[in-house]
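Biologist: I would like to learn how to read a fold from contacts and strand pairing. Please show me the model and let us take one feature at a time.

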Amino acid sequence: MVVQSISVCWRWIGFFFCLIGLGACGDASGRLPPTITAMTYEPLHPGNKIVVTFELDAEDPGGITSIELFVYEYALTEDEDGMRVGKAREGGQWGSVETWSISPPKVTESVSYKYQSGFPPESYVRYIFQVKNSAGYSRSEEWLFAAGDWPFPDTPVPILANGPPGKRVNLTFVADEETYTDAAEMLGDLDGVIFGGYHTNNAIEGDRRRYWQFYYSLEKGQIDDGVLSNGTIGKKVLDVPESVQESRVSTHAALVHKDDTINQNWAVGTKFGTHAEHPRVAVHEAGHAVFGLADEQIIGLHSVSSAPHHNNFSSEEDAKKYNEENGWDRNEVQKIGCTRGKCWWKPEPAELQCIMAVADDKMLAFQRSCIRRVNWYYGQLEPLGPRWLINKLKQQNP
Ligand SMILES: [Zn+2]
């Protein structure tokens, strides 16, 4: 039996017309659609028939006049060819569940809806909020998540998705075996990591949320910084299950722990370790594992960041040259320190407090050179947009 990637094969994938940003409509009059600042659900991967709360924060300078919530329920199954499919669940919810009329219009509005019946085993849920403003423009945003018993244990469980895994950061959380008795126990912490962390950082917030899809592994993993009791460094270990390592969906993995030393917060390749209760760390480590950025401080080993758009240079002249080429004052470079006989510079002035630099627990921003790297990275992903949609439609209707 050929078991294929679920996201590739789900036959309803062609329904993705309403992705973030694509659902917006405005015109040349200067009025814009409303902005959706946050959209959440909880609990993540809800169990069978568990109450699910959907929440939305939106703003519009001219006033929000209405908000509507739509929920679509799919049943996951494997057909006779071994294809994993999601089909509209017979008798399941399919469409509008609630409308909030806002009069007089409000500049900011938050709504919350408790979906009391929850969802049965083997569900996949698509929920959409549509926000309208006083000028008659609207914006929609949609997300998808698994609910109830997950039928494909060899595949990471989608907890916040918006489409096929291509052109996205597909980050799978893996529970540290020493921290959690089972992977589901980690879900309560991931809420803060995703909605209180990734979705609030300037590299990911707003429309950029669409580039990130989150999953978790039902199997646990292991992390060890390799520091031995005598202080010497042994073998570093960051093991994720084969179902994550070999996944055709997951592109990055985060090993989630609660070790209160900073020792287990590190990245190697596309994997990293992060503390469950410190969202800043999760974003910082993703700065390494996803964006290829380097630390803007010296902590032991050091390396140059990835090209193009370095945030870290092994020569002062290279850092100055980078500033010049990018239209910034060449003399704003900062020496960040020396280790093992080699010194390092960042192209940014000291007052720019970057999340790659400061070991602080505040959610700091990526600063100018890092943001150029972030923008370049998303450009490489070829963001979803009208062209993507047109190509997709052409593929379906040649
Ligand atoms: Zn770091």
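Biologist: Leaving aside its neighbours within four places in sequence, which residues is Met 186 in contact with?

Modeller: Bear in mind that this is a predicted model. Beyond those sequence neighbours, Met 186 is in contact with Phe 173, Ala 175, Tyr 180, Tyr 216, Val 256 and Ala 276.

Biologist: Which residues touch the most other members of the largest nonpolar core?

Modeller: The general idea first. In soluble globular proteins, nonpolar side chains tend to be buried together. Here the largest nonpolar core has 82 residues, and those touching the most other members are Phe 145, Ile 159, Val 174, Met 186, Leu 190, Tyr 216 and Ala 254. Strand S2 gives the most to this core, with 11 residues. Another core, of seven residues, lies apart from it; Ala 319, Val 333, Ile 336 and Trp 344 are among its members.

Biologist: In what order do the strands of the six-stranded sheet lie?

Modeller: To read a sheet, follow the pairing from strand to strand. This open sheet has the order S7-S9-S8-S12-S14-S13, and its pairing is mixed. Strand S7 (157-160) and strand S13 (267-268) are the edges, each pairing on one side only. S7 runs antiparallel to strand S9 (residues 212-216), and three bridges join the two. Within that pair, Val 157 has Tyr 216 of S9 as its bridge partner.

Biologist: Which helices pack on the sheet?

Modeller: Look for contacts with the strands, then for the angle. Helix H2 (residues 187-194) touches S7, strand S8 (169-175), S9 and strand S12 (252-257), and its direction makes about 165° with that of S9. Helix H4 (residues 279-289) packs on the sheet through S12, S13 and strand S14 (271-275), at about 170° to the direction of S14.

Biologist: Why is H4 described as largely enclosed?

Modeller: Count its buried residues. In H4, 11 of the 11 residues are buried, so the helix is largely enclosed by the rest of the structure.

Biologist: How many residues lie between S2 and S3 in their hairpin?

Modeller: Five residues lie between them, and Gly 82 in the turn has a positive phi of about 80°. Strand S2 (residues 52-78) and strand S3 (residues 84-88) run antiparallel, joined by five bridges. As an example, Ala 75 has Lys 87 of S3 as its bridge partner.

Notes: Residues are numbered from 1 along each chain as its sequence is written. This is a predicted model: local features need pLDDT of at least 70, side-chain atom pairs count only at pLDDT 80 or more; totals for chains, interfaces and linings use all residues. Two strands pair if DSSP finds at least two bridges between them. Helices (H or I, at least four residues) and strands (E, at least two) are DSSP runs, numbered from the N terminus. Two residues are in contact if their C-beta atoms, placed from the backbone, lie within 7 Å. Axes are lines fitted to C-alpha atoms, for helices over the stretch in contact, and angles run from 0 to 180 degrees between N-to-C directions. A nonpolar core is a set of buried Ala, Val, Leu, Ile, Met, Phe, Trp, Tyr and Cys residues joined through C-beta atoms within 7 Å. A residue is buried if 20 or more other C-beta atoms lie within 10 Å of its own, exposed if 12 or fewer, and partly exposed in between; C-beta atoms are placed from the backbone.
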